[in-house]
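Thanks for asking me to look this over. Here are a few friendly notes to read alongside the structure.

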Amino acid sequence: MSVNLADPSAFVGGAQHEQLAELRRTAPVYFQEMSGQPGFYAVLKHADLVHVARHSEVFSASEGGVVLENLAPEQLEMMRHMLLAMDPPAHSQFRAPLSEHFKAKVIARLEDDIRAITQAIMKEAAEQRDVEFVHDVTSKLPSRVVGQLMGLPEEDWPTIHQLAERCTSGQDPDVAGSPDELANASIEMAMYAIEFAGRRRAEEPHADLTSVILESDFGGAPMSDIDFGSFFVQLVTAGNDTTKTMLSSGLLALLQHPEQLAEL
């Protein structure tokens, strides 16, 4: 096997499709060693992934967290308050009250706001001219949309964006900073969210997701401040990571296929 699945530099030149196809044929559940870490199993066939997803009693998201590296006990405990690191029944209890608010028809109501945010980002990029597309353009979008969705003060959006960038760039020291800065980024974001929730609990409800969360019932009780902080971190970082990757990879694909770019 000529690719190290734990080494980000192995994917700088593109996805390792041939090597992964070979692994699917020869070792579809492949153990990857990691320097300074216990390593991990890569589950590479769709049917096996479905099996893993349906059997949380064996394949727990909560037991060891959902990142490749072993976390310190306090980091692992904080992660367990996030939806993605919960096993049933807690996962279902937290997801059910919010699922209606993330359906396409609900998000479609935000279209005008999202268009305005996108246009502002593109205007800034046009004025800047020379941009680093991933971090100067695509990653700003989810942070600002989440800020709008949650009703955050607009002057706080740049801070949330900076923390999201650090949280989702753990393997990129140019963005994440020192190990201490990386470890503190999610804590800083959670503390911001907890303080924000405290202020909002003292106010009349607003027409935003924060009020929906604070007024919802989660397994027979309101969401705690710690759970709200963890949920907020997950919402911001998950949106940052997936959106900036999809948009920047999409641009690269169009540049690699100019006929498709011309058609678009």
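Helices (H or I, at least four residues) and strands (E, at least two) are DSSP runs, numbered from the N terminus. Please keep in mind that this is a predicted model, where local features need pLDDT of at least 70, side-chain atom pairs count only at pLDDT 80 or more, and totals for chains, interfaces and linings use all residues. Residues are numbered from 1 along each chain as its sequence is written, and side-chain values use heavy atoms, with hydrogens and water left out.

1. Let's begin with the rings. Rings of Phe, Tyr and Trp (its six-membered ring) pair if their centres lie within 6.5 Å; planes under 30 degrees apart count as stacked, over 60 as edge-to-face and the rest as tilted. The structure has 3 aromatic pairs. One of them is stacked, because the rings of tyrosine 192 and phenylalanine 196 have centres 6.3 Å apart and planes at 5°.

2. Both tyrosine 192 and phenylalanine 196 sit in helix 11 (residues 179-201), 4 residues apart, or about one turn of the helix. Buried means under 20% relative accessible area, exposed over 50%, partly exposed in between (1.4 Å probe, protein chains only). Tyrosine 192 is buried at 17% relative accessibility, and phenylalanine 196 is buried at 4%.

3. Tyrosine 192 also pairs with phenylalanine 232: the centres are 6.1 Å apart and the planes at 40°, so this pair is tilted. Since phenylalanine 232 lies in helix 13 (residues 225-256) and tyrosine 192 in helix 11, the pair ties together parts 40 residues apart in sequence.

4. Elsewhere, helix 8 (residues 140-150) is mostly covered, with 10 of its 11 residues buried. Among them are Lys140 and Arg144. Glycine 151 follows helix 8, and its phi is positive, near 75°.
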